[in-house]
Amino acid sequence: MLKIENLHAGVEDKGILKGINLEVKAGEVHAIMGPNGSGKSTLSSVISGNEAFEVTDGDVILEDESVLELSPDERAHKGVFMSFQYPIEIPGVSTTNFIKTAINEKRKANGEEELPAKDMLKLIREKSALLEMDRKFLSRSLNEGFSGGEKKRNEIFQMAMLEPKLAILDETDSGLDIDALKIVANGVNKLRTKENAVIVITHYQRLLDYIVPDFVHVLHDGKIVKSGGKELALELEAKGYDWIK
Amino acid sequence: MSKYTEDDLREELETQEYEYGFYTDLDAETFPKGLNEDIIRAISAKKNEPEWMTDWRLDAFRIWEQMEEPEWANVNYPKPDFQAISYYSAPKKADPNKSLDDVDPELLEMYKKLGISIDEQKKLQGVAVDIVVDSVSVATTFKETLAEKGIIFMPISEAIQEYPELVKKYMGTVVPKTDNFYAALNSAVFTDGSFCYIPKGVKCPMELSTYFRINEGGTGQFERTLVVADESSYVSYLEGCTAPARDENQLHAAVVELIALDDAEIKYSTVQNWFPGDKDGKGGVFNFVTKRGICHTNSKISWTQVETGSAVTWKYPSCVLKGDNSVGEFYSIAVTNNYQQADTGTKMIHLGKNTKSTIISKGISAGKSQNSYRGLVQINGRAENARNFSQCDSLLMGNKCGAHTFPYIESKNKSAQIEHEATTSKIGEDQLFYCNQRGIDTEKAIALIVNGFSKEVLNKLPMEFAVEAQKLLEISLEGSVG
């Protein structure tokens with residue numbers, strides 16, 4: 001599904017990613033771990049198309065097609081979703097209105113009719129229940145005044161609504177207490193199918209107790225320095241990041 | 001590259017034409033340029049006015065001659081040459097007393113372009129419309145339906161003939177001839193506008209609407225609107241404006257007076273979309289408008305405005321809260337793009353006890369425009385327990401525009417409660433990226449963010465106006481981030 005080849009990227013003259021190679025197949029969960037500043041968040045930004053970063057070499061291929069020339073919204077229409085580490089506030093725009101717009105824009109881009117209001121409401125009810133969300137959040141301004149945990153839960157709610165092919169969870173565990181973490185992880189697990197894939201970016205092993213990865217990669221100084229199965233995360237937790245440096 | 005960048009968007013919007021910029025070739029009767037007592041007498045004669053009206057105009061003209069154009073507003077523009085304007089222009093074939101079948105077909109075609117259908121469609125929407133093209137009212141719909149309730153809704157020129165006592169009693173009582181330079185000018189030369197009277201205890205069953213259009217070149221438009229809501233009555237009034245795109249600046253100096261007698265309520269909504277000039281700041285309407293309402297005991301006046309047009313806007317819809325327990329409200333969205341300049345806000349004058357006012361102002365600046373909020377909250381010595389809440393929010397797009405806030409507060413009563421909140425924000429790259437990542441392109445994202453920002457005010461507009469206003473916001477602004 002996703003193939004990253006020799007990816008180099010950075011901001012202005014500063015290189016951050018220095019030759020990433022990664023292949024994610026449908027149905028798989030990959031965890032990317034690494035110390036602060038290793039390039040984890042840059043990787044998710046580059047995959048989703050954030051223009052603040054410049055790709056200097058290599059390629060990002062989604063379903064046999066390079067996406068480097070596509071804008072972030074075009075990539076989203078192809079099924080890329082990123083759960084933000086710091087979700088953005090949009091005053092005056094309700095979560096319901098926002099997600100409705102997002103879904104209909106995606107449908108429009110893919111040549112589909114807008115989702116009828118009745119079906120939209122049904123979908124919202126179903127997905128908010130999955131994440132045990134208090135529905136009053138849905139009529140509030142997007143992320144405005146939400147706690148850290150509420151924001152993250154809202155991200156996964158949007159993921160559930162959009163049903164992406166490739167979901168990137170950027171430090172989704174940060175700011176979550178253990179109960180919220182379980183609910184969010186449970187939501188992600190229920191959304192897993194044979195057709196979609198998940199990349200979990202995290203600093204700690206904790207989240208991986210609940211979203212069990214098929215592969216774990218360790219990022220250091222813009223490169224993947226070690227890959228393995230889920231036991232690699234446990235080993236890292238025990239030995240610390242100094243071990244791989 | 002299939003990437004649609006903000007630069008592309010900006011370019012597209014800059015080159016996008018003003019949607020209402022068409023000019024209709026109507027056979028028009030236009031007075032020679034210039035202003036003097038003879039011209040005023042000629043206007044008055046053209047309108048078949050009684051002598052008191054002619055004298056009233058002449059008096060205003062003499063006052064105006066002694067006045068100077070105000071310069072305190074935060075706007076810069078070449079001062080209009082008042083002798084280079086024609087003060088009367090009328091589509092020749094317009095006659096409000098004839099049926100629609102008699103109306104110039106080109107005029108009807110123009111209404112169609114404006115999205116106005118003066119027929120059953122409006123009936124379904126329950127809106128009665130008075131349309132003013134250049135200087136005269138050309139059609140007033142639903143006069144009869146309204147007359148059954150005793151509601152008078154007609155061109156002010158007709159009202160002067162048919163209801164001289166009412167007009168005489170109220171005209172100039174809220175905005176006197178001496179009020180300011182443009183109000184004095186308007187009092188001397190106003191050529192049409194609407195008059196509306198709601199009798200005691202009557203709730204007007206439909207929205208009343210006036211549509212203003214400047215069509216002829218080299219003319220100014222000076223309309224005058226007078227709305228009187230008698231005791232315990234209610235009316236919701238809508239006003240829309242467009243003009244053709246022209247290289248020259250056209251002058252629009254209107255006066256609107258609202259009178260809410262005891263226990264009455266007036267809701268006055270405006271969507272102002274005069275031609276704003278092109279992307280280089282050429283042309284556009286100078287919009288110098290005086291709007292004021294007076295509230296008697298227990299009455300309420302609510303102004304809602306969406307200002308997207310005009311090269312220069314100078315406008316402060318205000319409330320004089322004379323009666324005890326009266327309420328004044330001002331909800332405004334002012335959008336400026338390219339080289340537009342707006343200096344707009346309100347005055348809330350608290351005279352009576354327990355008077356309340358609310359001000360919600362949303363300024364959105366883009367391009368190289370300047371957008372100022374100017375407001376006065378004045379609590380008189382006798383206004384026990386007066387309360388005001390003001391909120392002024394500014395949204396900036398790009399780095400070349402300006403947002404300014406000039407709030408004035410004068411309180412002479414210790415029991416007053418006055419609150420003022422202000423925020424300034426910018427549409428951030430991070431907000432846009434967040435929307436983009438969810439599949440919402442930049443253009444749509446800006447519309448979404450701006451609508452969210454303006455929501456409190458949009459919600460105050462009557463339904464069909466809110467839709468139009470939302471569309472206008474998208475057209476006027478989506479452009480200029482970067």
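This note goes through two chains of a predicted model, point by point.

1. **Conventions.** The model is predicted: local features need pLDDT of at least 70, side-chain atom pairs count only at pLDDT 80 or more, and totals for chains, interfaces and linings use all residues. Residues are numbered from 1 along each chain as its sequence is written, with chains lettered from A and ligands numbered from 1 in the order in which they are written.

2. **Interface.** 23 residues of chain A are in contact with 20 residues of chain B. Contact means that the C-beta atoms, placed from the backbone, lie within 7 Å. On the chain A side, the elements that give two or more residues are helix H2 (72-77), strand S7 (90-94) and helix H3 (95-109). Helices (H or I, at least four residues) and strands (E, at least two) are DSSP runs, numbered from the N terminus. By class, that side of chain A has 11 nonpolar, seven polar and five charged residues. Here Ala, Val, Leu, Ile, Met, Phe, Trp, Tyr, Cys and Pro count as nonpolar, Asp, Glu, Lys and Arg as charged, and the others, Gly among them, as polar.

3. **Sheet in chain A.** Four strands of chain A form an open sheet in the order S2-S1-S4-S5, with antiparallel pairing. Two strands pair if DSSP finds at least two bridges between them. Strand S2 (14-24) and strand S5 (65-66) of chain A each have a single partner strand, so one side of each has no neighbour in the sheet. Strand S4 (residues 54-62) of chain A joins S5(A) over two bridges, in the antiparallel sense. A:Leu62 has A:Glu65 in S5(A) as its bridge partner. Helix H1 (residues 40-48) of chain A packs on the sheet and touches strand S1 (2-11), S2 and S4 of chain A. The direction of H1 makes about 70° with that of S2(A).

4. **H4 against H5, chain A.** Helix H4 (residues 117-130) and helix H5 (residues 148-162) of chain A pack at about 135°, with axes 9 Å apart. Axes are lines fitted to C-alpha atoms, for helices over the stretch in contact, and angles run from 0 to 180 degrees between N-to-C directions. H4(A) and H5(A) are therefore oblique to each other. Angles under 35 degrees count as roughly parallel, over 145 as roughly antiparallel, 65 to 115 as roughly perpendicular and the rest as oblique. H4(A) passes H5(A) in a right-handed crossing. A crossing is right-handed if the near helix is turned clockwise from the far one by less than a right angle, and left-handed if anticlockwise. From H4(A), A:Leu123, A:Lys127, A:Ser128 and A:Leu130 meet A:Phe157, A:Ala160 and A:Met161 of H5(A). This contact has five nonpolar, one polar and one charged residues.

5. **H3 against H5, chain A.** The axes of H3(A) and H5(A) come within 10 Å and cross at roughly 35°. Their crossing is right-handed. H3(A) gives A:Thr95, A:Ile99, A:Ala102, A:Ile103 and A:Lys106, while H5(A) gives A:Asn154, A:Gln158, A:Met161 and A:Leu162. The classes are five nonpolar, three polar and one charged.

6. **Chain B overall.** Chain B has 12 helices and 23 strands. Of its 482 residues, 57% count as buried. Buried means 20 or more other C-beta atoms within 10 Å of the residue's own, exposed 12 or fewer, and partly exposed in between, with C-beta atoms placed from the backbone. Among contacts in chain B between residues at least 6 apart in sequence, 83% join residues at least 24 apart.

7. B:Leu35 lies in the loop between strand S1 (28-30) and helix H2 (37-46) of chain B. B:Leu35 counts as buried because 22 C-beta neighbours lie inside 10 Å. Beyond neighbours within four places in sequence, B:Leu35 is in contact with B:Phe82, B:Gln83, B:Tyr87 and B:Val189. B:Gly34 is in the loop between S1 and H2 of chain B. B:Gly34 is partly exposed, with 14 other C-beta atoms within 10 Å. B:Gly34 and B:Ile85 are 51 residues apart in sequence, but 5.8 Å apart C-alpha to C-alpha.

8. **Strand S20, chain B.** Eight of the 10 residues of strand S20 (residues 370-379) of chain B are buried. Strand S18 (residues 341-350) of chain B runs parallel to S20(B), joined by 10 bridges. B:Met348 stands opposite B:Val377 in S20(B). S20(B) is also joined by 10 bridges to strand S22 (residues 402-411) of chain B, again parallel. The bridge partner of B:Gln370 in S22(B) is B:Gly402.

Methods:
Two residues are in contact if their C-beta atoms, placed from the backbone, lie within 7 Å.
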